[in-house]
Amino acid sequence: MTDASTPLIIVGGGASPAGGSVRADEDLLDGLNPQQREAVVYRGPALLIVAGAGSGKTSVLTRRVASLLRTKDAWPSQILAITFTNKAAGEMRERVGQLIGDRAQGMWISTFHSACVRILRREAQQFGFTKSFTIYDSGDSRALLKRLVKEHEADAYGITPAGAQSRISKLKNELADAESYARSANMNDPAERVFVDVFSDYQRELQRANAFDFDDLIGQVVYLFRAFPHVADTYRRRFRHILVDEYQDTNHAQYALIHELTQPVSGGGAAPFESGGMMIFEPEPATDAEGPASLTVVGDSDQSIYAFRGADIRNITEFERDYPGAKVVLLEQNYRSTQNILSAANAVIGNNFDRKDKKLWTDVGEGEKIIGFTGYSQHDEAQFVADEIEKLHREGVDYSQVAVFYRTNSQSRALEEIFIRAALPYKIMGGTKFYERAEIKDALAYLIAVSNPADEMALRRIINRPRRGIGDVTIEAISRYAANEQITFRDALANSSALGVGPKIQAAIAHLDAVLAEATEIMLPATGELPPPTAVADGLQLLLGKSGYTDALRASKDAQDEARVENLDELVAVAREFARNNPEGTVVDFLAEVQLVSDADDLEDASGSVSLMTMHTAKGLEYDAVFVTGVEEDLIPHRISAGEPGGPQEERRLFYVGITRARKRLHLSLAMTRAQFGEISVAMPSRFLQEIPAELIQWRQSPGDVNSRGGMQSRALNARRPGGPSAAKRYGDDLVPKSTSIERFANRIPAKVRDNGDMQLASGDRIRHDDFGEGRVDAVTGEGAKRVAHVRFDSAGPKKLLIKIAPIEKL
DNA sequence: CTAGACAGTCTTTTT
DNA sequence: GACTGTCTAG
């Protein structure tokens with residue numbers, strides 16, 4: 001993250017960074033309630049802050065850190081703060097910086113994964129890795145497993161790559177390895193034997209490739225600490241104050257990591273700690289460095305939504321047992337939402353039985369009612385969302401203060417289609433992530449081929465990209481040659497003439513080898529001198545250029561390839577940005593940073609755009625207006641989780657997380673039919689909807705208004721429906737076009753984008769829209785492909801339309 | 001070895 | 001409906 005560019009704003013009337021007043025942290029307590037104050041100032045071995053949604057937890061956590069520094073209870077370098085996302089880490093760093101100045105620099109504020117990467121970089125040599133190891137994301141792991149499943153013919157036993165991946169991940173989160181699993185498994189079962197083989201081969205391949213997968217990053221650090229107590233002691237001496245946010249979502253491995261770090265130092269005396277001849281920490285005065293570190297955890301068991309990836313809610317519910325004498329502080333006052341929203345949230349979560357009852361409350365008043373809407377299809381629903389956002393916008397709500405949530409990523413498409421047409425600025429968080437695009441993975445694989453030549457997977461990925469005429473046969477030949485000569489796959493490329501392949505292919509291999517060698521020279525000079533900061537970007541550009549990768553894309557006639565070139569330019573820009581922020585950063589550091597970015601990290605601040613994201617991604621965020629969409633059975637709760645133990649409860653917590661993100665306005669919407677798998681199916685309102693007291697919801701169009709089909713009400717779909725005056729105006733029958741029906745709505749949006757690029761429209765023109773009927777153009781704004789028509793439809797009211805793609809014709 | 005066509009599988013959420 | 005893997009023809 002942007003370590004070097006933390007703005008330095010000192011609030012509180014220019015408090016001296018060094019402190020010096022009698023009560024150095026007095027100003028940190030301004031505006032806090034008694035419980036929050038307690039959470040900031042408590043000093044002791046263990047503190048559990050139970051922080052309900054919107055209870056000011058982030059503020060408390062940052063002030064606690066600032067307070068520890070101000071009162072000199074800790075040096076910056078003695079603090080380890082773990083957050084859930086890199087973005088949260090960046091924000092925390094910034095806010096602490098604002099409170100205490102640039103002394104915040106020495107702290108470790110990061111995610112579990114980033115912290116572990118830092119530790120592993122320093123200690124990798126201890127156990128058979130090098131510091132230039134690569135990190136396999138889930139796609140990389142799956143690719144490797146796919147190969148292994150095939151090799152072992154494990155599919156005959158019903159083992160799929162995805163299935164193996166999730167089992168392995170679960171086991172690793174429990175700190176099991178293939179060996180320990182084999183001891184407990186029924187090895188008479190051939191399927192189990194094969195799985196164990198795949199698992200252990202997988203681990204062997206990772207080691208051979210000098211790589212860790214996501215789960216290893218945590219698990220291997222725990223292993224390291226347990227196997228090498230003197231290494232663990234190094235970190236125990238260093239980190240005297242450990243703080244963990246979102247503790248309810250930690251899994252067993254993460255729990256064990258924290259547990260290891262909070263043990264007393266095992267070895268005697270303060271041995272000088274060195275690692276690979278390198279002094280790793282700046283010396284700091286030792287203060288009580290032998291006892292266990294103090295631990296602060298913050299969490300809310302009602303917001304635990306990651307059990308599916310091993311999060312264990314017991315980590316928080318049993319905290320007091322694990323850390324006897326722990327102080328517990330409860331934060332129940334909510335500073336975020338109106339009472340109506342909180343009442344709905346309380347009512348929903350109250351249906352989870354095995355929870356400690358706690359009720360959020362606020363003193364800001366009831367606020368607006370929750371608005372409900374039922375559409376015929378997901379497009380109808382999306383249109384409601386778009387119209388409603390426009391209305392809010394006209395009332396003065398900034399787009400950036402509006403968010404739309406959904407359960408599954410695939411639901412974003414319908415929303416996106418409508419938003420584009422409505423010329424509504426939006427930003428999708430997550431979805432197909434930038435770093436998961438094929439061209440980006442390719443580019444990164446080129447970098448990995450340079451930074452970690454042991455990583456055969458990366459090489460296999462790029463060996464025929466762009467097409468060089470190297471297929472399976474040639475790859476097999478290289479692989480066999482490497483095995484015979486006892487050299488790596490990478491080194492085999494340097495001996496292309498010895499491979500016994502045709503001259504054309506020989507030349508192609510030699511060329512690739514030369515390009516990789518040249519890039520290596522730039523990024524990792526053999527002389528040992530430090531490469532210039534621009535080396536990564538330059539090397540990347542060289543790789544993409546001389547390998548012919550960009551040229552191949554440019555030569556392609558596929559329109560998508562144009563966008564791919566732009567994405568690659570973007571990646572180069574990211575590398576240059578990285579160089580600015582980390583002048584000493586190497587290609588290895590760059591890759592690590594890139595591999596660990598997450599959905600929620602999308603730094604580009606979404607100012608001026610509506611945010612779209614899954615409810616999982618929404619955790620920890622808040623918005624003035626929130627739309628929770630797709631509130632249907634089989635979606636939330638999701639069909640797959642309905643049958644799993646604890647599934648519905650976790651889904652309920654997820655829904656709870658979604659609705660508690662809203663400050664002032666909450667909208668719940670659903671559709672009667674939803675296209676999934678290319679088929680249209682009937683959707684039922686979610687059970688969670690019934691858990692909200694009816695008087696809290698004002699329905700613009702309730703499920704009862706719509707599900708006339710086959711029901712008692714014989715109302716046709718285009719018959720008059722109840723609703724407030726404005727609702728009737730927008731959604732009454734005369735504005736949903738006559739032709740509207742389930743069948744029509746379902747396929748309303750053509751898959752392909754139409755192009756009215758050259759349509760000339762001016763204020764005063766009459767147009768006809770496929771869905772909204774006839775209307776008059778009020779104004780045209782924007783340029784080129786982004787021209788927007790502001791239209792007042794005769795029946796549907798005012799709308800904004802993106803002229804290029806709107807289904808309109810000029811009359 | 002590549003390109004194109006077809007069939008089968010799937011999507012829950014993520015560091 | 002989108003994507004992957006597999007097959008066939010050049």
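Helix H15 (residues 378-394) is followed by Gly396, whose phi is positive, near 105°; helices here are DSSP runs of H or I with at least four residues, strands are DSSP runs of E with at least two, and both are numbered from the N terminus. The model is predicted: local features require pLDDT of at least 70 and side-chain atom pairs count only at pLDDT 80 or more, whereas totals for chains, interfaces and linings use all residues. Residues are numbered from 1 along each chain as its sequence is written, chains are lettered from A and ligands numbered from 1 in the order in which they are written, and side-chain values use heavy atoms, with hydrogens and water left out.

The 17 residues of H15 should span 24 Å at 1.5 Å a residue, and the end C-alpha atoms of the helix are 24 Å apart, in agreement with that value; the expected span is 1.5 Å times one less than the number of residues. Of these 17 residues, 15 are buried, so H15 is largely enclosed by the rest of the structure. Buried denotes a relative accessible area under 20%, exposed over 50% and partly exposed in between, computed with a 1.4 Å probe on protein chains only. Glu390 is located in H15 and is buried, with a relative accessible area of 11%. Leaving aside residues up to four places away in sequence, Glu390 touches Tyr399, Leu424 and Lys800, a contact being heavy atoms within 4.5 Å.

Chain A as a whole contains 31 helices and 24 strands. Of its 811 residues, 54% count as buried. Among contacts in chain A between residues at least 6 apart in sequence, 74% join residues at least 24 apart.

Helix H14 (residues 339-349) is likewise largely enclosed by the rest of the structure, because eight of its 11 residues are buried. The buried residues are Asn340, Ile341, Leu342, Ala344, Ala345, Asn346, Val348 and Ile349. Their cover includes strand S11 (370-375), helix H27 (647-659), strand S16 (662-671) and helix H28 (687-690).

In the largest nonpolar core, which has 50 residues, Leu447 and Leu543 touch the most other members. Helix H17 (residues 438-451) supplies the largest share of this core, nine residues. Such a core is a set of buried Ala, Val, Leu, Ile, Met, Phe, Trp, Tyr and Cys residues joined through side-chain atoms within 4.5 Å. The contacts of Leu543, not counting residues up to four places away in sequence, are Tyr446, Leu447, Val450, Val515, Leu516, Ala519 and Met523. Apart from this core lies another, of 46 residues, among them Ala46, Trp108, Phe129 and Val297.

The unreviewed UniProt entry carries a "binding site" annotation covering Ala51, Gly52, Ala53, Gly54, Ser55, Gly56, Lys57 and Thr58; the positions follow the numbering used here, feature names are shortened, and annotations may be inferred rather than shown by experiment. Ala53 lies in the loop between strand S1 (46-51) and helix H2 (57-70), and Gly56 is placed in the loop between S1 and H2. Ala53 is buried at 2% relative accessibility, while Gly56 is partly exposed, with a relative accessible area of 25%. Beyond residues up to four places away in sequence, Ala53 touches Asp300, Gln303, Asn334, Arg336, Leu360, Tyr656, Thr660 and Arg661.

DNA strand C is surrounded by Lys146, Lys150 and Phe677, a residue being near a strand if one of its heavy atoms lies within 4 Å of it. Sugar and phosphate make up 44% of the atoms of DNA strand C that come within 4 Å of the protein. A polar side-chain atom of Lys146 lies 2.4 Å from a phosphate oxygen of DNA strand C.

Several backbone features occur in loops. Most residues other than glycine have a negative phi, and most peptide bonds are trans. Asn210, in the loop between helix H8 (190-208) and strand S5 (211-213), has a positive phi near 55° and is buried, with a relative accessible area of 4%. Ala423 also has a positive phi, of about 55°; this residue lies in the loop between helix H16 (412-421) and strand S13 (426-428) and is buried at 16% relative accessibility. A cis peptide bond joins Arg465 and Pro466, with omega about 0°, and Pro466 is found in the loop between helix H18 (456-462) and helix H19 (472-485). The peptide bond from Ile636 to Pro637 is cis, with omega near 0°, and Pro637 lies in the loop between strand S15 (623-628) and helix H26 (639-642).

Terms used: A polar contact is a pair of N or O atoms within 3.5 Å; within protein, one must be able to donate a hydrogen and the other to accept it, and residues adjacent in sequence count only if both atoms are side-chain atoms.
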